[in-house]
Amino acid sequence: MGYAAFENLLKQAMGLDAVSIGSAAIEHAVQARMSACKLNDMAAYLDAVRASPSELQTLIEAVVVPETWFFRDREAFSALARMAAEEWLPTHPHGVMRLLSLPCSSGEEPYSMAMALLGAGFPGSRFQIDAVDISARVLTHARRAVYGKNSFRGNHLDFRDRYFSATAHGHHLGDAVQRQVLFHHANLLAPDFLPGEERYDIIFCRNLLIYFDRATQDNAVRVLQRLLKAKGVLFIGPSETGLMLSHDFVSAKVPLAFAFRKIDVAARTVLRVPATVPPAIRSPIRPAPTVVTALSQKQRQGLGKVFAAPRPGALQALLVKPDAWMAEASALADQGRLAEAVKSCEEQMRRQGPSPQGFYLLGLIRDVGGNLPEAAQHYRKALYLDPNHLDSLSHLAFLLEKQGDAKGAQVLRDRVRRAAPMRAP
Ligand SMILES: C[S@@+](CC[C@H](N)C(=O)[O-])C[C@H]1O[C@@H](n2cnc3c(N)ncnc32)[C@H](O)[C@@H]1O
């Protein structure tokens, strides 16, 4: 027998599409588990996995991709803090804002959400984050809250001094942040996954859907839709944007944050216009045109609130502080002024010389605009200047994956692993 039976089993169990990580990764995991179980026969091992939930879990642990780091795609966290402080808090004088990080991996994402909110002055008593992952191993790491260098990437690490203490085993996150997050072991695709409806104001579901095939992506998004409150906001990964727009979400209009607002049913029934797919939504995960994708720019703006620029001072405590000119270019991009952001970036690089971070930002802007060839070109320029530029490596890997180049993506992921120092236990 071949490995296809294992690929099917993993797809059923956790949604994993073998193409996304490459069949070789699954073969490797199966071989390693067979040898740990002292079995030579694949059919016997398949029976063992089918008969034992704990062996299935161990196999799942062997194939998950737990890659994550603090403030990954940091614009999402700035946007979260803005939404919470300027939109949610003034309209909710009482009560607790509920957030979900799914999948949370080893905790860097939900803890970054907590740090962003606390840093923006959002009281800890007014928000609670649930964090979910299918891997028990990463959750143990998350609860221990001790992190090595691999979790701290890029140059904007002020938050580390503020919220962590250095120990012999790595940086230990303080209680004030830890107590904001509750970890749960669960499978997004399980029929009994987080029962109930409209539990969360904000959901982060980033860098999971890319591992699913289209049908599984649709199922997953339906679960997220059920869990998100009306007008709640869903943050997804840079490569997953096209999918949302075929599921009654509109862009929250915060470029580079990859945030989408749930449309309420009333708005959906009112708006019925002919279908055309706006160019900004071009993506290999291209949705079939629906009422939502058919909305004109103006109609979209009416549905999704455009977030105001940060009040001076209100967000100064935000932990991510880019260099001065990068900050200006990023701020322009965040306000949707993409052409100006590009111009500012290009002008600064003309004056100060080319910069990997500048090319990375240009790549990101092209990426979000759906211009994948140009995005790839910019990421490659960043990597020419700095072959270990982790953000560019990761984004280019996702981009190649989207374009069907799983092998090329794998090569880049290997470079990410080599470039980033090993994570502390
Ligand atoms: C690449 S990490 C993403 C972590 C974080 N959201 C981020 O963007 O940095 C993917 C995570 O998805 C988890 N995962 C995979 N399939 C899952 C499922 N069906 N349900 C819940 N978590 C899942 C894996 O265990 C892994 O930790």
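Start by selecting Phe193. Leaving aside neighbours within four places in sequence, Phe193 is in contact with Leu102, Val132, Ala186, Asn187, Leu188, Val223, Arg226 and Leu227. Keep in mind that this is a predicted model.

Now widen the selection to the core. Phe193 belongs to the largest nonpolar core, which has 57 residues. Phe193 is among the residues with the most contacts inside this core, along with Leu100, Leu188, Ile203, Leu227, Leu234 and Met244. Colour by domain next: the core draws at least three residues from each of domain 2 (75-303) and domain 3 (324-419). A second core is separate and has 43 residues. To find this second core, select Cys104, Ala131, Ala145 and Phe152, which it includes. In soluble globular proteins, nonpolar side chains tend to be buried together.

Zoom in on strand 7 (residues 200-205) and strand 8 (residues 228-236). They pair in the parallel sense, over 5 bridges. Pick Cys205: its bridge partner in strand 8 is Ile236.

Select helix 1 (residues 4-14) and helix 3 (residues 23-36). Their axes come within 10 Å and cross at roughly 95 degrees. Helix 1 is therefore roughly perpendicular to helix 3. Show side chains here: Phe6, Glu7 and Leu10 in helix 1 meet Ser23, Ile26 and Val30 in helix 3.

Methods. Residues are numbered from 1 along each chain as its sequence is written. This is a predicted model: local features need pLDDT of at least 70, side-chain atom pairs count only at pLDDT 80 or more; totals for chains, interfaces and linings use all residues. Side-chain values use heavy atoms; hydrogens and water are left out. Two strands pair if DSSP finds at least two bridges between them. Helices (H or I, at least four residues) and strands (E, at least two) are DSSP runs, numbered from the N terminus. A nonpolar core is a set of buried Ala, Val, Leu, Ile, Met, Phe, Trp, Tyr and Cys residues joined through side-chain atoms within 4.5 Å. Buried means under 20% relative accessible area, exposed over 50%, partly exposed in between (1.4 Å probe, protein chains only). Domain bounds come from an automatic or database domain assignment. Contact means heavy atoms within 4.5 Å. Axes are lines fitted to C-alpha atoms, for helices over the stretch in contact, and angles run from 0 to 180 degrees between N-to-C directions. Angles under 35 degrees count as roughly parallel, over 145 as roughly antiparallel, 65 to 115 as roughly perpendicular and the rest as oblique.
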